[in-house]
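Please read the following walk through a two-chain model with the sequence and the coordinates at hand.

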Amino acid sequence: MKKKQYRIRISHGVLRAIHEARRISKTIGGRLGQLLSRTGSTGYPYYRHPLPVRIMHWCNVVFLATLLLSGLNIFNAHPALYWGKSSYRGVTPIVELRGKEDDEGEISGVTRIFGHDFATTGFLGASKDATGELTERGFPSWLTLPNDQWLALARRWHFFFAWLFVINGITFVTYSLVSRHVQHDLLPTWQDWRSIGKSIIDHLHFRHPTGAAAKRYNVLQKLTYLLVIFFLLPLMIVMGLGMSPAMDALYAGWVDIFFGRQSVRTIHFIVAWTLVLFVFVHVFEVIISGFWNNLRSMITGYYRVKSEADHE
Amino acid sequence: MSNDNKITRRGLMTRLLAGASIVVLGGCERLSQSTWFPRVLGLGEKATYRMQRLVLPRKAMAQEFPATDLSPQFRSNGTSMPNNPAYRALAANGFADYRLEVGGLVEQPMKLTLADIRALPSRTQITRHDCVEGWSAVGNWKGARLGALLEAVHLKPNARYVVFHCADPMEEDGTSLYYESVDLEDAFHPQTILAYELNGETLPIKNGAPLRLRLERQLGYKMAKYVMRLEIVEDLSGVAGGKGGYWEDRGYEWYAGI
């Protein structure tokens, strides 16, 4: 009995803390928002992103960028992808980034995908190193962290930031469920489902709401965020763990659900680039639907809603 | 007027963003070169070690495979013929004069011939070898259970690690002999063996003859080839570079579970 009361008190405390944090962040955000949008703006400010979401969003930007760049350095240690349980099954890799040296010592980069060769000198397979000399390497040094081919250090970056990313992700999902961010803002409503056709057409015409409708996410946006948060990012973590020989022993053979360890590595790679694609589309949409307004709202919390009356 | 202001502010912010990204990328490089930052990053390894040891049962077995999954050729990585005259002399004689020394914190130091090692309780397993570089190969290994050997020499109470001293020099001039180490939890795991057979045949030199370690729940660099001597120690700081292995002394993690 006592325990239960205690628990209730704790959950009350948590809710109050969240409420309090929101109030404070609204005040701070409001001031910042006023500062940033003092000149030449119409409409009214609307508090769209609470402080915890903003903090975790920007943390995620840093963590995912670091994971991508250090991941590409790790990939470069063996720049080939396979399907199945192992790399040596008497079958050629499905993707391979190779540097080739001809008789005159000239180096060229070749990308082999399903047996088809593509000349990618300067970018994939062979690119210039710090001294400007063409050398064999999977991805170019400007796309890897560290720039040099340095597997040991790249792994340190990767696993350190993987921990931060996982902690940030768990915190975000917990917060979003407790504060009902998921239920209120991310789950599509019946109206959303019915407007899906219109939303697709709007997106294809780069039409975006600026009035009251801009206060909430549109249905495609909701579905994309749900896909990223609850499918792609968790899949990324599971595929990362699937490459761990220790974690594979947790239940011997579980990686075969994903077609074996080398397939797991390939999926990890594909999902990474799917996330990059998501980021490109996300940033593109942010830019065309009012870059500064969107950016401000993710920094200060406040989004300026244009009144329906003053269309420019 | 207000429009001018806006442009300046935006221009400034764009420049700030561009500047920040250059600073961040350059900063990452500088951090990589420092001594303190990689050490901070190393906390990730400690967290991984703790977490994996926490969630993974002591005797959890690595996946074993049917013969149909065997790699046609088991890849030889790193050294394929040690540049070491003493080793080559042993190899020339079919390892008839080979003795595995077991010493350090043990009650009964031993020198074992290959026949002695083959007489120890053995295990045969088809497992996947995962290299830190990213590739995997499947092989059929037979070897003496390391746990059985350690029981035979009677460890002293303060024994904590098994160090594997190997015959393969990592420098061209024949210096920097490879070495590795594992803790007792891994040493006594049923799948941890000193392998003397690969795919039903005597272990080839390119894969670590006459003896190599199989440590199925960690990455390939832990699985020392050309094992000559086992040293049981309480702490790793007194051995070579002090980090517990040749690659560990060069920045790789001692715990290679991921």
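The paragraphs below take up these topics in turn.

This is a predicted model, in which local features need pLDDT of at least 70 and side-chain atom pairs count only at pLDDT 80 or more, while totals for chains, interfaces and linings use all residues. Residues are numbered from 1 along each chain as its sequence is written, and chains are lettered from A and ligands numbered from 1 in the order in which they are written.

Chain A holds 10 helices and 8 strands, where helices (H or I, at least four residues) and strands (E, at least two) are DSSP runs numbered from the N terminus. Of its 312 residues, 28% count as buried; a residue is buried if 20 or more other C-beta atoms lie within 10 Å of its own, exposed if 12 or fewer, and partly exposed in between, with C-beta atoms placed from the backbone. Among contacts in chain A between residues at least 6 apart in sequence, 64% join residues at least 24 apart, a contact being a pair of residues whose C-beta atoms, placed from the backbone, lie within 7 Å.

Chain B has 7 helices and 10 strands. Its radius of gyration, 24 Å, is well over the 18 Å that the globule rule gives for 258 residues, so chain B is more spread out than a compact globule; the radius is taken over C-alpha atoms, and the rule is 2.2 Å times the number of residues to the power 0.38. Along the principal axes, the C-alpha atoms of chain B fill a box of roughly 95 × 45 × 45 Å. Buried residues make up 38% of the 258 residues in chain B, and 67% of the contacts in chain B between residues at least 6 apart in sequence join residues at least 24 apart.

Within chain A, an open sheet of 4 strands runs in the order β2-β3-β4-β5 with antiparallel pairing, where two strands pair if DSSP finds at least two bridges between them. Strands β2 and β5 (116-119) of chain A stand at the edges, each with a single partner strand, so one side of each is left without a neighbour in the sheet. Going across the sheet, β2 (residues 80-81) of chain A pairs with β3 (residues 95-101) of chain A over 2 bridges, and Leu81(A) stands opposite Val95(A) in β3(A). The pairing of β3(A) with β4 (residues 107-113) of chain A extends over 7 bridges, with Glu96(A) opposite Arg112(A) in β4(A). These two strands, β3(A) and β4(A), form a hairpin with 5 residues between them, and Gly105(A) in the turn has a positive phi of about 85°.

Not counting residues up to four places away in sequence, Leu124(A) touches Leu97(A), Gly109(A), Thr111(A), Gly138(A) and Phe139(A). Leu124(A) and Gly109(A) are 15 residues apart in sequence, and their C-alpha atoms are 5.9 Å apart in space.

By contrast, helix α6 (residues 196-204) of chain A is hardly covered, with a count of 0 buried residues among its 9 residues. Just after α6(A), Phe206(A) takes a positive phi of about 55°.

The largest nonpolar core has 49 residues, and Val162(B), Phe164(B), Cys166(B), Leu194(B), Ala195(B) and Val227(B) are those with the most contacts inside it. A nonpolar core here is a set of buried Ala, Val, Leu, Ile, Met, Phe, Trp, Tyr and Cys residues joined through C-beta atoms within 7 Å. The largest share of this core, 6 residues, comes from β5(B). A second, separate core of 22 residues includes Ile74(A), Trp157(A), Phe161(A) and Phe165(A).

Finally, 47 residues of chain B are in contact with 34 residues of chain A. On the side of chain B that touches chain A, α1(B) gives the most, with 8 residues.

Notes
Contact = placed C-beta atoms within 7 Å.
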